[in-house]
Amino acid sequence: GAVVSQHPSRVICKSGTSVKIECRSLDFQATTMFWYRQFPKQSLMLMATSNEGSKATYEQGVEKDKFLINHASLTLSTLTVTSAHPEDSSFYICSASDSLAKNIQYFGAGTRLSVL
Amino acid sequence: AQKITQTQPGMFVQEKEAVTLDCTYDTSDQSYGLFWYKQPSSGEMIFLIYQGSYDEQNATEGRYSLNFQKARKSANLVISASQLGDSAMYFCAMREGRSNTGKLIFGQGTTLQVKP
């Protein structure tokens, strides 16, 4: 299957700082990427759909100014958690849709964010 | 509204035995896709198998097969010859339509434990 790289895998930061998470499709081009959040022992919750060259589409209840998404190329989407607070601590995971493989979403390894 | 239901929070299976993980879905669309992902304790989401709503045959991928019963709206995952490495959380997901922008809706997940 296709490979999606997500970096960093873990980040610990102080309250009030911003954190950037990168999601790259390594062996295919992805016009659409997705960002999810997952709480312990729960399912994945879609935060936003990232579209190359245009604004992201956010799910209801997700703060656009809090979670900035940029999809500047066909292989890279970034999620920036701005002015992070302890309640933003979570597991964030991205996926990329491979249009040459029935639009199957392949996932990165996830980022565990801990805000102190 | 589309919905995915996994009614088994946890399952046990003896090594080398087969196990079925249940998944039912609800959608008013005629075109949709059904997916199964595996999430080990490391957190990554591993794509296992895909079934399109118009696919006449049940999908198979190695030890994984999808028992697709369209009239009953069920898409159960069958894992044959279980291995210790199969212990993980398993998620069923659905995408309406075939577009690369289609969102995935996930079920609550089933934790599978394989006993030696």
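**Note on the salt bridges**

1. A:Asp88 is buried, and A:Lys66 is buried as well; buried means under 20% relative accessible area, exposed over 50%, and partly exposed in between (1.4 Å probe, protein chains only). The model is predicted: local features need pLDDT of at least 70, side-chain atom pairs count only at pLDDT 80 or more, and totals for chains, interfaces and linings use all residues. Residues are numbered from 1 along each chain as its sequence is written, chains are lettered from A and ligands numbered from 1 in the order in which they are written, and side-chain values use heavy atoms, with hydrogens and water left out.

2. A:Asp88 and A:Lys66 form a salt bridge, with their closest N and O atoms 2.7 Å apart. The term denotes a side-chain nitrogen of Lys or Arg within 4 Å of a carboxyl oxygen of Asp or Glu. Over all chains, the structure holds five salt bridges.

3. In chain B, a salt bridge joins the side chains of B:Lys73 and B:Asp26 (3.4 Å, N to O). B:Lys73 is partly exposed, with a relative accessible area of 28%, and B:Asp26 is partly exposed at 38%.

4. A further salt bridge links the side chains of B:Arg63 and B:Asp86 (2.8 Å, N to O).

5. On the general principle, side chains of opposite charge can pair when their charged atoms come close.
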